[in-house]
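Take a look at the protein below and keep it open while you read.

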Amino acid sequence: LFDMVLPLLLVAVAAYLCGCFNGAVIVSKYILRDDIRTHGSGNAGLTNFFRTFGGPLTFVVILTDVLKAVVAVWVGVLTVQYWGGGTIWAQEEIAFEIVKYWSGLFCLLGHMFPCMFGFRGGKGILSGGTVAFLLDWGGFLLLTLLTRYVSLGSIYAAASFPVGTWLFVSHDRMIMLLSLIITALILWKHRANFMRLIHGKESKLTFHKKKEGV
């Protein structure tokens, strides 16, 4: 039992620490010297960063949040492959899928609640979408472009994740449970956006840069 649990614990810690490298906070705080969490919605996510600062550094934020998710998943796979030894984690193909989702979950937790940044992170749609690449990115982009509500596209993409998992990955109970937890976390972080959408108070995405002094 210890040989089965230890790899999962190691993966959880490694994936969480990967998730803690929040692109928006790192770029704003250490490159722009202006913490994104003091602007706009106060959220340390891509949308708030783009609305506040814009510019090419937005792509650095995207790259950081995408790469950390990729690293977290592969750290998980390599850990169970080379550390798992003769346990189930190194033997069954389904085990690798479970570990990918497990890594994704803890990377998402690190992104949302980074220990190195006072547990104030982003809402997880970019990192979560990278980890769970079966999110309906087509639907996300279409809804975002048509309505200019990033949150609406994010909510739809997150909600579609368990469906995509069921249809294209596995019917395994553990995988489905992890996919539902990931979806629940993203939706929970977007709860304020959901209420603003209902009341018609949600801000739309704009590509116009703010004027100085406004």
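Just after helix H2, Arg-33 takes a positive phi of about 55 degrees. This is a predicted model, so a local feature like that one needs pLDDT of at least 70, side-chain atom pairs count only at pLDDT 80 or more, and totals for chains, interfaces and linings use all residues. Residues are numbered from 1 along each chain as its sequence is written, and side-chain values use heavy atoms, with hydrogens and water left out.

Now for the other end of H2. Asn-22 caps the N-terminal end of this helix, with a side-chain oxygen 3.0 Å from the backbone nitrogen of Ala-24. Helices here are DSSP runs of H or I with at least four residues, strands are runs of E with at least two, and both are numbered from the N terminus.

Which residues of H2 are buried? They are Gly-23, Ala-24, Val-25, Val-27 and Ser-28. "Buried" means under 20% relative accessible area, "exposed" means over 50%, and "partly exposed" is in between (1.4 Å probe, protein chains only). The buried residues of H2 pack against helix H3 (46–52) and H4.

So how do you describe a pair of packed helices? You give the angle between their axes and the distance between the axes. The axes are lines fitted to C-alpha atoms, over the stretch in contact for helices, and angles run from 0 to 180 degrees between N-to-C directions. Here are two pairs side by side:

| Helix pair | Angle | Axis distance |
|---|---|---|
| H2 (residues 23–31) and H4 (residues 57–82) | about 135 degrees | 8 Å |
| H5 (residues 93–112) and H9 (residues 173–189) | roughly 15 degrees | within 9 Å |

That makes H5 roughly parallel to H9, while H2 and H4 are oblique to each other. The cut-offs are under 35 degrees for roughly parallel, over 145 for roughly antiparallel, 65 to 115 for roughly perpendicular, and oblique for the rest.

Handedness is another thing to check. H2 passes H4 in a right-handed crossing, whereas the crossing of H5 and H9 is left-handed. Left-handed means the near helix is turned anticlockwise from the far one by less than a right angle, and right-handed means clockwise.

Who touches whom? On the H2 side, Gly-23, Ala-24, Val-27 and Ile-31 meet Leu-57, Val-60, Val-61, Thr-64 and Asp-65 in H4. Contact means heavy atoms within 4.5 Å. By class, this meeting of H2 with H4 has six nonpolar, two polar and one charged residues. Ala, Val, Leu, Ile, Met, Phe, Trp, Tyr, Cys and Pro count as nonpolar, Asp, Glu, Lys and Arg as charged, and the others, Gly among them, as polar.

His-111 lies in H5 and counts as buried, because its relative accessibility is 3%. A polar contact of 2.7 Å joins the side chains of His-111 and Lys-68. (A polar contact is a pair of N or O atoms within 3.5 Å; within protein, one must be able to donate a hydrogen and the other to accept it, and residues adjacent in sequence count only if both atoms are side-chain atoms.) Phe-50, found in H3, is partly exposed at 24% relative accessible area.

Finally, zoom out. The protein chain has ten helices and zero strands, and 45% of its 214 residues count as buried.
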